[in-house]
Amino acid sequence: MNQGNRDGFASRFGVIAAAAGSAVGLGNVWRFPYVVGENGGGAFLLVYLGFVLAIGVPVMLSELLIGRKSQRNIFGAFHVLAPGRPWFLIGLMGVGAAFMILSFYSVVAGWTMEYLYLAFTNQLATVSSVELNQIFSEVKSGAWRPVFFMVVFMAMTAFIVKSGINKGIEKYSKLLMPVLFVIIVLLCIRSVTLEGASAGLEFLFRPDFSRITPHVVLEALGQAFFSLSLGMGVMATYGSYIKKGESLGKTAISVSLTDTAIAILSGIAIFPAVFAFGIEPGAGPGLVFVTLPGIFSKMIGGYFFAFIFFALLVIAALTSSISLLEVVVAYFTEELKMRRRAATWLAAGLMTLLGLICAFNSTVFNLFDNTSSNILLPLGGFFIVVFVGWFLGHNIVRSELEADGRVARYFHLFLVVIKIVAPVAIALVFLNQLGLINF
Ligand code: TRP
């Protein structure tokens, strides 16, 4: 074990900022609204919130715990904690999921950078939904500039990861996340004061239970895993950099709350405008990109806000993409004994190639998007809670949770949730989707 030179987070706020930086990203601002829109609004939101609480928080805590206990990457963690057992396969699945996610994620980040460029050159000033749709279809059709930006984005990700989990990441996250938050709140205010906005709020907050189908439930579960960065080892890897004196429970709660707040605020910013501009809520992955410019062009100082917003969104995407790449790099360096620099460029290079395929082929894009969130991540989460609940040993679990010197009063509740509630819920969602059981 090469523990001696392990990098670490310097401060408590740094830990939360980095983990929240991983969680908050395109998943909140781009994916959440589009998935809510495709799955009927309010009812989806309720199911989503239920999953964040009952499954998301416990899975996050379990991952942090695995990482900090083992002091290893997600693959090595299982070797350390369960030697000679096949649990390491979960780690391998996580590494595979990282490749899949970062491939399409970098494409969306490329779109975001293209919008940053369009905002800067003042080419977004319109509220006509026809024009907004046109702009987006040009951007996503694999035009050379967004693809170029995708490559630039991967290069920036690799550059940061290559230098290690240093104070740079911490510092950026601490400073910029609050600014992003403020701008989203301003967007919300503009959006809900548009004419015809109330239909959007109703869509988002008035549940229509007739819209809940097995598929909607699966999408809610997948989105919860995606948004919280769970099920493939990001939180385990970050957990391995957290000092013993920090409370993992508090970290899990703060990160989940922050992430959920930003997702809901994004919803409040998007849906009133969607309805006010007559855009189709189920428009799919383009939803945010056709809606946001419309809001900006109706804001005082919209040019300015659009520019700052897209810049911050790129940065939010970066703090997420580095966490994904870090999972692979930690695996390559610790298990395959590669040098950090080589591991980083190799992984990023392969991901860029896959990203190019996603950029030019929307079937592959959607396949990667849906398979990772709706299958790989919940499956990973299932095995992670089962591992911690049934195999790790309660003493170990308890001592990790209480490493900050405080009694974990939630310990028994946590055990019940990870042993029974979460795994059963995930299994039911899968079986339900496969049509093997029917509610
Ligand atoms: N959660 C991030 C977002 O919302 C994306 C992300 C980062 C992620 N790391 C992950 C998703 C690990 C799944 C698994 O944008």
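Begin by selecting the shell around the ligand: by class, the shell has nine nonpolar, eight polar and no charged residues. In this classification Ala, Val, Leu, Ile, Met, Phe, Trp, Tyr, Cys and Pro count as nonpolar, Asp, Glu, Lys and Arg as charged, and the others, Gly among them, as polar. The model is a predicted one, in which local features need pLDDT of at least 70 and side-chain atom pairs count only at pLDDT 80 or more, while totals for chains, interfaces and linings use all residues. Residues are numbered from 1 along each chain as its sequence is written, and side-chain values use heavy atoms, with hydrogens and water left out.

**The ligand and its contacts**

Of the 17 residues around the ligand, highlight A23, G27, Y105, F226 and S229, which come nearest; a residue is near a molecule if one of its heavy atoms lies within 4 Å of it. Next, display the polar contacts (pairs of N or O atoms within 3.5 Å; within protein, one must be able to donate a hydrogen and the other to accept it, and residues adjacent in sequence count only if both atoms are side-chain atoms). At S22, a backbone N or O atom lies 3.3 Å from a nitrogen atom of the ligand. At L26, a backbone N or O atom lies 3.1 Å from an oxygen atom of the ligand. At S229, a polar side-chain atom lies 2.9 Å from a nitrogen atom of the ligand. The ligand taken alone exposes 360 Å², and the protein buries 100% of that; accessible areas come from the Shrake-Rupley method with a 1.4 Å probe, and for residues only the protein chains shown count as cover.

Then colour the elements that give two or more residues to this shell: α1 (12–23), α2 (26–38), α5 (88–120), α10 (214–227) and α14 (302–334). Helices (H or I, at least four residues) and strands (E, at least two) are DSSP runs, numbered from the N terminus.

Keep S229 selected. S229 is placed in the loop between α10 and α11 (234–239), and its phi is near 60 degrees, a positive value in a residue other than glycine. Most residues other than glycine have a negative phi.

**The cavities**

Where does the ligand sit? The ligand sits in the largest cavity, a placement that requires more than half of its atoms to lie within 2 Å of the grid points. On a 1 Å grid over the protein atoms alone, a cavity is a set of points where a 1.4 Å probe fits but cannot get out, and a pocket is an open set with protein on both sides within 12 Å along at least five of seven lines; lining residues have an atom within 4 Å of a point. Grid points are joined across faces, edges and corners, and a volume is the space filled by probe spheres set on the points.

The largest cavity has a volume of about 150 Å³. Of its 16 lining residues, S22, I101, F226, S229 and L324 lie nearest its centre. Its lining has 10 nonpolar, six polar and no charged residues.

Move on to the second largest cavity, which holds about 60 Å³ of space. Its lining includes V107, W111, K140 and A359, and α7 supplies the largest share, three residues.

**The largest pocket**

Finally, select V57, L61, G249, I253 and Y410, which lie nearest the centre of the largest pocket among its 23 lining residues. Two or more lining residues come from each of α3 (42–70), α12 (248–276) and α18 (411–434). The volume of this pocket is about 470 Å³, and its lining has 15 nonpolar, four polar and four charged residues.
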